[in-house]
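Biologist: Please put the model on the screen, and I will then ask about it one piece at a time.

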Amino acid sequence: MVAGAWTILLVLVTLLWPPLTEVIQQQSTSPLPTQSASVRAMADMGKAFNEEGADNSIVVGFESDLGYSPAADQVRAGVVEDLRSNPHVRGVRDLVSDPRTRDAAMSEDKHAWFVTAEIAGGLASPEGIENVDAVRKSIAHWSGRNGVEVVTTGPAATFTDQMKIGNQDLTRITIATVIGIATILLIIYRSLFTAIVPLITVGISVGVGSGILAGMGVAGVPVNTQSEALLVVVTLGAGVDYAVFYLGRYHEYIRSGIAPEQAVVSAAASMGRVIAASAGTVAIASLAMLTADLAGLMAIGPAVALAVVCGFLSAMTLMPILLSLGLRRGWGLPAADRTLRAWRRTGVFVARRPVIALTASLVLLLSLAGWAVTLHPSYDDRKMLPASAESNVGYSMLDRHFPQGAFSPQYLLVQSESDLRTPGALADLEQMAARISQIEGIRSVSGVTRPDAKKLTQATLARLLGQVGAELGRTGASTDALTDTLDRYERIATLGQKLVSNTDPNDILAALQTAEDTWGEVNSAKSSLDSVQQLISQADSISPVLAQLETIRPHVKRLVDAVNSTSAASTPLLVFLDRFAPCSSDSRCVDLRGSLRTAVTLADSPSVAALTNGSLSSAQIADALTRARALSSSAREITRKLDQIAPLVARIPEIRATVEQLRDAGAFDPTNDPESIVADVRQRLARGQEMMGSVSAALKQVSSEASGDSASGFYLPQEVLTSPEFSTVARMFVSPDGHSVRYLIESSIDQYDSAAMTQAREIMETATAALPNTNLTNAHVKLAGFPAINSDLQEMFQRDFLVVVIVTLSVVAFILMVIVRSVAVPIYLVATVLLTYASAIGVGVLVFQDILGWGVNWVVPALSFILLVAVGADYNLLLVSRIREEMNRSMRASVIRTVGATGSVITSAGVIFAVSMFAMMAGNLKLLAEFGFIIGIGLLLDTLIVRPLVVPSILVLRDRYARASRQSSSGVTRI
């Protein structure tokens with residue numbers, strides 16, 4: 001019935017859910033701290049710059065011994081074309097194709113270059129890993145063409161290799177584990193049947209456990225490659241361990257004379273409680289990992305707990321059935337115990353010499369544990385892969401040609417609710433970038449204010465000061481040209497002073513006003529002159545009929561009036577022109593002045609007076625007509641001259657304003673000397689020229705001395721960002737809405753080194769300190785890149801590890817207290833497993849960090865702690881439980897009998913579990929190799945030193961001390 005139930009269960013889990021490997025490929029947990037600030041920074045940056053998916057980028061590296069050539073460029077162009085046409089690729093950044101950006105993606109020796117591609121799916125997510133693998137395959141055919149090697153590398157490629165190699169390793173690890181366990185079982189039991197039975201039980205439990213874990217994964221429980229591997233090896237190790245415990249008691253009963261059939265039942269009854277407590281301790285302690293924030297750690301706990309439970313159930317249910325079936329054919333009976341005497345001698349030594357046994361053991365364990373102090377956890381996932389992995393091949397290839405961090409930089413993201421494209425914000429951003437660039441190990445900081453990793457020369461205040469200084473220098477030099485101008489001004493001013501020295505400006509202004517007022521009368525006179533000319537023409541036509549004088553008298557009267565009006569209108573204008581000195585230098589004005597004088601004198605002539613008086617003789621009339629004809633000619637000349645002088649008269653208001661300005665400026669003051677004024681101007685100009693020369697020299701010196709980043713200042717006008725030559729750079733470093741700005745930071749430190757994590761924290765501290773009291777006060781800074789991710793990972797791991805340690809120790813101590821019914825003993829037992837753990841870590845540090853140089857991966861100490869503490873407590877629980885069974889004797893006798901009876905069983909179980917852990921070294925993933933090695937070493941130390949020597953010695957010494965205390969309190973003195 002039990003076997004049928006297991007069979008049905010195996011079939012059900014197989015049919016209900018997909019294979020575990022397939023589930024892991026579809027929903028494996030990310031090894032990254034997805035909730036950390038650094039990972040969120042990558043997502044925020046992708047969103048701000050419309051580069052979603054940029055976090056899952058691969059680097060396609062090219063290398064040619066012949067260097068970059070047209071033939072090599074054909075390979076690059078072909079790869080880029082394939083990438084852009086691939087549906088799994090969201091974007092391609094090909095800097096090599098543009099000569100302006102080529103140097104950023106090409107080595108100095110021109111033998112290596114790279115392009116980057118953004119892959120659909122999150123970094124290290126199942127979709128992302130599957131897409132990276134598909135893209136790799138799509139461009140693999142280009143490698144080797146035209147002498148160019150093409151490899152895919154980068155963090156996304158590293159995670160893909162981890163998944164791919166992990167899946168390949170699982171089969172190899174399983175085979176190695178089965179072979180190793182079977183070999184140990186054959187050596188211990190010297191019976192093929194006895195060796196096969198545990199393997200059958202754990203085989204079924206592995207199948208059932210894998211199906212259940214697949215179902216848990218479908219339900220949302222975190223799973224990954226490591227959890228699958230641990231499920232297999234822990235089920236094999238723990239399941240066989242529990243089978244060995246059961247077989248040990250079963251064989252012991254048979255050797256004591258109990259019938260085999262009864263021994264099967266009795267062994268299950270006596271060991272069921274102990275093994276259940278042991279398995280429960282390990283399972284509950286493993287579930288402590290569910291308290292972790294890191295999904296990678298969370299995925300391990302359920303897998304280990306499920307493996308232990310399945311191993312326990314199969315051992316306690318299937319083992320009795322299979323042994324009963326074997327007994328029908330005489331199989332499964334115990335062989336002679338060849339180790340009993342040796343283990344009893346060990347028990348005697350410990351009981352008699354507990355101090356020596358304990359001291360020697362502690363010296364060895366503490367010496368090994370001392371190496372653990374030098375542990376520097378490695379966060380370099382590359383080192384956990386073999387050198388032959390494609391991503392590592394790519395890293396090695398590019399590292400030969402590029403400086404550290406050239407193709408895997410960090411990004412400092414600055415985000416604000418305000419637009420960061422203002423001159424003030426840009427200046428503060430540059431100050432922040434300058435501070436970061438001064439951090440030790442920072443090779444360059446590039447951004448909108450420093451596209452080529454140097455502050456924009458055009459935007460430095462030092463350069464602006466230099467320009468101002470140079471301009472002042474040129475201005476100072478140009479003042480020499482003012483000397484000639486001053487000389488000319490002095491000559492003109494002297495002449496003007498002579499012209500106006502004896503003139504009252506008010507008289508000139510009055511004359512100008514009079515001329516302007518009478519200009520209307522002059523225009524009317526022009527009309528009269530026209531009439532005069534007409535009348536004279538009429539008078540000339542009637543000269544033969546002088547007798548008709550009376551009839552023309554009215555015409556004569558109008559002629560005389562016109563002459564008088566013309567004379568009256570011309571008089572003030574003539575007076576003004578006689579006094580207006582500039583008129584003498586204008587020929588047209590001189591002619592007008594003569595015509596006006598004729599018009600003025602005509603009114604005073606006798607002929608005109610006679611016409612006025614009316615006593616006209618024929619001779620007088622003839623003379624008058626002659627004069628009238630002359631007047632007509634003068635009238636025509638006056639009219640013509642007035643038309644010429646009209647523009648000058650039109651400027652009378654301007655002349656009047658000029659005269660007023662000259663008057664107000666003291667130009668008419670005879671005490672003002674133009675020569676002294678010019679001399680004063682020259683003196684002031686000379687002093688100004690000297691000052692401009694000094695300021696120019698000082699500014700040039702400041703510009704020269706302040707040309708460094710720390711002193712040169714910064715001013716970048718907002719309109720520069722939209723200039724054509726700057727727009728490309730702005731798009732790379734400034735988001736379209738202007739609320740996000742990023743700086744690219746390159747470091748000379750290996751991005752996976754612990755020093756890089758320290759540097760990442762210093763970058764964040766420096767950037768944060770640059771925000772207060774600036775235009776960036778309300779901004780937020782984030783750091784994206786693997787040093788920042790690893791820094792967050794380290795911080796989260798340390799917090800998670802502390803929680804796991806506290807929970808695990810509390811659970812183990814509580815279970816031990818309940819079973820042992822003591823407070824002190826569980827404390828001793830927990831202390832011994834902690835010492836075992838520290839010693840195992842010390843050995844791991846010695847081997848992997850100091851000898852091999854890999855470093856111990858950051859996750860190994862946590863996983864090792866869970867298993868070593870839980871399994872160590874498990875073995876100690878078995879030992880202490882057996883000692884309690886023997887307590888009807890003295891402590892020394894109980895220790896001797898217990899060590900002798902359980903020595904081979906517990907040691908065999910420990911060795912088998914250790915072998916299953918060592919089998920993980922058969923794979924190519926160094927992470928699993930380190931984990932398996934450290935756990936295996938810890939199990940050997942526990943089963944060979946701690947369990948047979950340290951724990952019994954402590955119990956004997958504690959009993960001795962207790963008996964001495966009781967005797968002392970009762971007044972008995974020991975001799």
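Biologist: What is the relative accessible area of Phe918?

Modeller: This is a predicted model, in which local features need pLDDT of at least 70 and side-chain atom pairs count only at pLDDT 80 or more, whereas totals for chains, interfaces and linings use all residues. Residues are numbered from 1 along each chain as its sequence is written, and side-chain values use heavy atoms, with hydrogens and water left out. Buried stands for under 20% relative accessible area and exposed for over 50%, with partly exposed in between (1.4 Å probe, protein chains only). Phe918 is partly exposed, since its relative accessible area is 25%.

Biologist: How many aromatic pairs does the count come to?

Modeller: The rule takes the rings of Phe, Tyr and Trp (its six-membered ring) and pairs them if their centres lie within 6.5 Å; planes under 30 degrees apart are called stacked, over 60 edge-to-face, and the rest tilted. Counted in this way, the number of aromatic pairs is 18.

Biologist: Why is the pair of Tyr246 and Tyr250 stacked, and what angle do the planes make?

Modeller: The two ring centres are 6.5 Å apart. The pair of Tyr246 and Tyr250 is stacked because the planes stand at 0°.

Biologist: In which helix do Tyr246 and Tyr250 lie?

Modeller: Helices (H or I, at least four residues) and strands (E, at least two) are DSSP runs, numbered from the N terminus. Tyr246 is buried at 0% relative accessible area, and Tyr250 is buried at 0% as well. They are four residues apart, about one turn of the helix, and both belong to residues 225–255, that is, to helix H8.

Biologist: What are the centre-to-centre distance and the angle between the planes for the aromatic pair of Phe918 and Phe933?

Modeller: The aromatic pair of Phe918 and Phe933 is tilted, with 6.2 Å from centre to centre and 50° between the planes.  It links distant parts of the chain, with Phe918 in helix H29 (residues 891–918) and Phe933 in helix H30 (residues 926–969). Phe933 is buried at 14% relative accessibility. The values asked for are therefore 6.2 Å and 50°.

Biologist: Which residue has its ring under the charged end of Arg145?

Modeller: A charge sits over a ring if NZ of Lys or CZ of Arg is within 6 Å of the ring centre and within 35 degrees of the ring normal. Arg742 lies over the face of Phe49 at 3.9 Å from the ring centre. The charged end of Arg145 is 4.4 Å from the centre of the ring it sits over, that of Trp142.

Biologist: How many residues of strand S1 are buried?

Modeller: In a regular strand the side chains alternate between the two faces of the sheet. Ser57, Val59, Gly61 and Glu63 point one way from S1, while Ile58, Val60, Phe62 and Ser64 point the other way. Strand S1 (residues 57–64) is mostly covered, and its buried residues number eight of eight.

Biologist: What is the order of the strands in the open sheet that holds S1?

Modeller: Two strands pair if DSSP finds at least two bridges between them. S1 pairs with strand S3 (residues 112–119) over seven bridges in the antiparallel sense, and Val59 stands opposite Thr116 there. S1 also runs antiparallel to strand S4 (residues 148–153), with six bridges, where Ser64 faces Val148 and Gly61 faces Val151. The four strands form an open sheet in the order S2-S3-S1-S4.

Biologist: Which are the edge strands of this sheet?

Modeller: Each edge strand pairs on one side only, and they are strand S2 (89–93) and S4.

Biologist: Which residues touch the most other members of the largest nonpolar core?

Modeller: A nonpolar core is a set of buried Ala, Val, Leu, Ile, Met, Phe, Trp, Tyr and Cys residues joined through side-chain atoms within 4.5 Å. The largest has 153 residues, and those touching the most other members are Val234, Tyr242 and Phe245.

Biologist: Which helix gives the largest share of this core?

Modeller: The largest share amounts to 18 residues, and it comes from H8.

Biologist: Which residues is Val234 in contact with, leaving aside its neighbours within four places in sequence?

Modeller: Contact is taken as heavy atoms within 4.5 Å. With those neighbours left aside, the partners of Val234 are Gly239, Val304, Ala307, Val308, Leu867 and Met917.
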